[in-house]
Amino acid sequence: MSNPPAATIFQAPELVPRSRSLAACNTLGLASQAAACVALDHIEQLDALSDLTRRHAPLLILGGGSNMVLPPQVPGLVARVALRGMHLVQEREDAWIVEAAAGEVWHDVVSACIAQGWGGLENLALIPGTVGAAPVQNIGAYGVELADRFDSLQAWHIPERRMVRMTAADCRFAYRDSTFKHAQSGEWLIVSVRLALPRPWRPVLDYPDLQRDAGLSAGGPPSARAVFEAVCRIRRAKLPDPAVIGNAGSFFKNPLVDARMRDELAARFPGLVSYAQPDGRYKLAAGWLIDQCGWKGRSLGPAGVHDRQALVLVNRGGATADDVMALASAIQRDVMARYGVTLEPEPVVVRG
Ligand code: EPU
């Protein structure tokens, strides 16, 4: 009788930090060099990552680099999250619970869910970036944000080397904000996210752009796929594709102001675009404010303002973080001078 084959013990590849260019790892396409970079593609490597952070600090965790302004030289350690996989965890009466690993491309997960017939993420189609980055800024578009479709996530606490499951309350989601944006850089690494896709599915069509979409208004009640396709159409028409021209999506958050300020501004500027919030405040359309200041389509050096959506700053070729931030500051100054409103950048600006 032959011996049974020896059990093979899986050994994840060792994490060896190497210097590398991050130009292809940030959607603004800024030239950037990491002194030490590792790609994390197995959860078995998390302990080794915690070890490495003792020798290399600070730690910068990079997903799709779609919401970051990277300096020419990134000090410390860069960990690119390349954990992959997606599966159905549970078929609940009120929701499909789908888990996706942090390194999956967000739009691929949205498409896969639509292909399975699980609606709920269609308004969030084509948002650049990875699954692990989605909770950090609580991505949102066309009346839906991640928090609305969130079950829980698993995150590795890097200094204490423990895996934690976090609920929406733990994540403290708010408009383009979460606890992860305020944690110390390199404290948490999001490993996977569980999404709750509602059953029965109902379309969310309140957003003006969706109501105007001719393809959607024709015929009876739309399917999740029809909404998905409409969102893709609208985004492709308005927002630049980072593969064609470097950008990080909306560069500023839509500012929140109190009702008195909004009324004063509306009296002085009759076209002012504002949205009432549940707490009585108003969100102003930053794109409108920037557009009215005459910035749409303009450039300052190699950094520019997109010609179809003034909220998006673009790299017209060879821009550095300083170029982008100089443009951002000029826009902030003009908006402050004209409207008395502070614009806050949406992306994470990494220090060199
Ligand atoms: N507007 C202008 N000129 C411009 C841009 C916008 O007048 O150049 C006006 C529009 O006509 C509209 C209003 O401003 O009346 C709002 O514009 P839009 O509907 O394009 O949305 P937004 O507020 O500029 C937000 C998100 C986007 C998201 C869209 C759709 C933020 C910071 N941005 O943009 O998110 O796709 O709504 O839901 O909340 C992102 O975060 O990267 C992003 C693209």
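**Ligand contacts and domain packing**

A backbone N or O atom of Ala310 lies 2.8 Å from an oxygen atom of the ligand. The model is predicted. The chain divides into three assigned domains, listed below.

**Ligand surroundings**

- The ligand is surrounded by 24 residues.
- The closest of these are Tyr142, Tyr175, Tyr207, Asp291 and Ala310.

**Polar distances to the ligand**

- Gln309 places a polar side-chain atom 2.9 Å from an oxygen atom of the ligand.
- Lys238 has a polar side-chain atom 3.0 Å from an oxygen atom of the ligand.
- For Ala310 the atom is a backbone N or O, at 2.8 Å from a ligand oxygen.
- Each of these distances falls within the 3.5 Å cut-off for a polar contact.

**Domain layout**

- Domain 1 covers residues 18-81.
- Domain 2 covers residues 86-198.
- Domain 3 covers residues 246-349.
- Between the C-alpha centres of domain 1 and domain 3 the distance is 29 Å.

**Interface of domain 1 and domain 3**

- Domain 1 contributes 11 residues to the contact, and domain 3 contributes 15 residues.
- The two domains bury about 990 Å² between them.
- Carbon and sulfur atoms give 60% of that buried area.
- Leu28, Asn67 and Val69 of domain 1 lose the most area to domain 3.
- Together, Leu28, Asn67 and Val69 account for 59% of what the domain 1 side buries.

- Which polar interactions link domain 1 and domain 3? Five residue pairs are in polar contact across the interface, with both residues at pLDDT 80 or more.
- The salt bridge count between domain 1 and domain 3 is zero.
- On the domain 1 side that touches domain 3, seven residues are nonpolar and four are polar.
- That side of domain 1 has no charged residues.

Technical notes. Residues are numbered from 1 along each chain as its sequence is written. This is a predicted model: local features need pLDDT of at least 70, side-chain atom pairs count only at pLDDT 80 or more; totals for chains, interfaces and linings use all residues. Side-chain values use heavy atoms; hydrogens and water are left out. Domain bounds come from an automatic or database domain assignment. Contact means heavy atoms within 4.5 Å. Buried area is the accessible area (1.4 Å probe) that two parts lose on being put together, summed over both. A salt bridge is a side-chain nitrogen of Lys or Arg within 4 Å of a carboxyl oxygen of Asp or Glu. A polar contact is a pair of N or O atoms within 3.5 Å; within protein, one must be able to donate a hydrogen and the other to accept it, and residues adjacent in sequence count only if both atoms are side-chain atoms. Ala, Val, Leu, Ile, Met, Phe, Trp, Tyr, Cys and Pro count as nonpolar, Asp, Glu, Lys and Arg as charged, and the others, Gly among them, as polar. A residue is near a molecule or strand if one of its heavy atoms lies within 4 Å of it.
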